[in-house]
Structures are given as C-alpha cells and as structure tokens.
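Visitor: Please take me through one part of this model closely. I would like the sheet, strand by strand, and then its surroundings.

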Amino acid sequence: MAGINLEKAREITAAVFAKGAEMGLKPLTVAVLDTGGHVITLERSDGANAAGPEIARNKGRAAVMMHIGGKQLKALSQDTSWFMPSMQEACHGQVFPAPGAVLVRDSDGTVVGGLGVSGDAGLNDAACAVAALESVGLVGED
C-alpha cells in the first residue's frame, strides 16, 4: 500500500465511529491524514465538541510528522522541556502530542498516514483508533 486513499480514509473513519459507539465513548471527531500531514477526511459526529476538528487534525499531524504515536509524543513533551516548544515552532503550532494521535502503518510496517481521534479521554480515543485500524487491516501505533 503506497498510502491511504480516499476510500480507505472513509473506511477508517466509519470504523472509528463504529468502535467508539461499541465502546460507549462520547461523540468523536476523526481526522485521517496522508504521509505529508495533509487531511484526507475529517468528520465530526453529532454532539462532538467544537474544538474536535482542530484537535483531531493536529493529533494526526503530530503522529505522522514525527513518526511516533501519541503516548510517545506525550512522554517526550513531558520529559524534555525544549521538545514541545520546538515542535510547535517547526509545525506552526499545528500539532497536538497526546493519546489519540496514531501513526498508521500497513501490514509490512510502512508508514501510510496518521489518524487523529478526539472527543473522549485520550487513552479511550487511542484505544478506539487502534482497534478501528486493526478492523480495516492496518496497524496503529499509539
């Protein structure tokens, strides 16, 4: 797989919403990004918070730009005082290093994009994202 196309992005989004409903999560916003950090799809479910689109997009962008998942991003920002300001500067403030920022790989381990999920607690967002990616044949690194 060379990357995530529109059809696959829509499939991922539907899988996230379905998994979120199954898990009983709060309304979610889902952003699927390509390997350059550009949005392919961005959807906000009914009742999701107003900041969801920016948070989801910036979570997905953080994962794909750094090639690590949200848990590692959060740890880096907590453990290294210069990391977050430098990352924000380099990415023009368009990154959100938190759980729910998921690096997407194909079955061969190749990075094919990023996924940002926002709306519930970060660890729930991440668990939902990873499970949804598995259901469509991809691997999520949170």
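Guide: Start with strand E3 (residues 101–105) and strand E4 (residues 111–118): they run antiparallel and are joined by five bridges. Strands here are DSSP E runs of at least two residues, helices are H or I runs of at least four, and both are numbered from the N terminus. Two strands pair if DSSP finds at least two bridges between them. Arg105 stands opposite Val111 in E4.

This is a predicted model: local features need pLDDT of at least 70, side-chain atom pairs count only at pLDDT 80 or more, and totals for chains, interfaces and linings use all residues. Residues are numbered from 1 along each chain as its sequence is written, and side-chain values use heavy atoms, without hydrogens and water.

Now the whole sheet. It is open, has five strands with antiparallel pairing, and its order is E2-E1-E4-E3-E5. Strand E2 (39–44) and strand E5 (139–141) are the edges, each pairing on one side only. Neighbouring strands are turned by 20° against each other on average, direction ignored. Axes are lines fitted to C-alpha atoms, for helices over the stretch in contact; angles run from 0 to 180 degrees between N-to-C directions.

Helix H1 (residues 6–23) lies across strand E1 (29–33), E2 and E4. H1 runs at about 30° to E2. Contact means heavy atoms within 4.5 Å.

Step back to the chain. The protein has five helices and five strands. From the N terminus, the elements run α-β-β-α-α-α-β-β-α-β. Its C-alpha trace spans about 40 × 35 × 20 Å along the principal axes. Of the 142 residues, 48% count as buried, meaning under 20% relative accessible area (1.4 Å probe, protein chains only).

Notes: Buried < 20%, exposed > 50% of the residue type's maximum accessible area, 1.4 Å probe, protein only.
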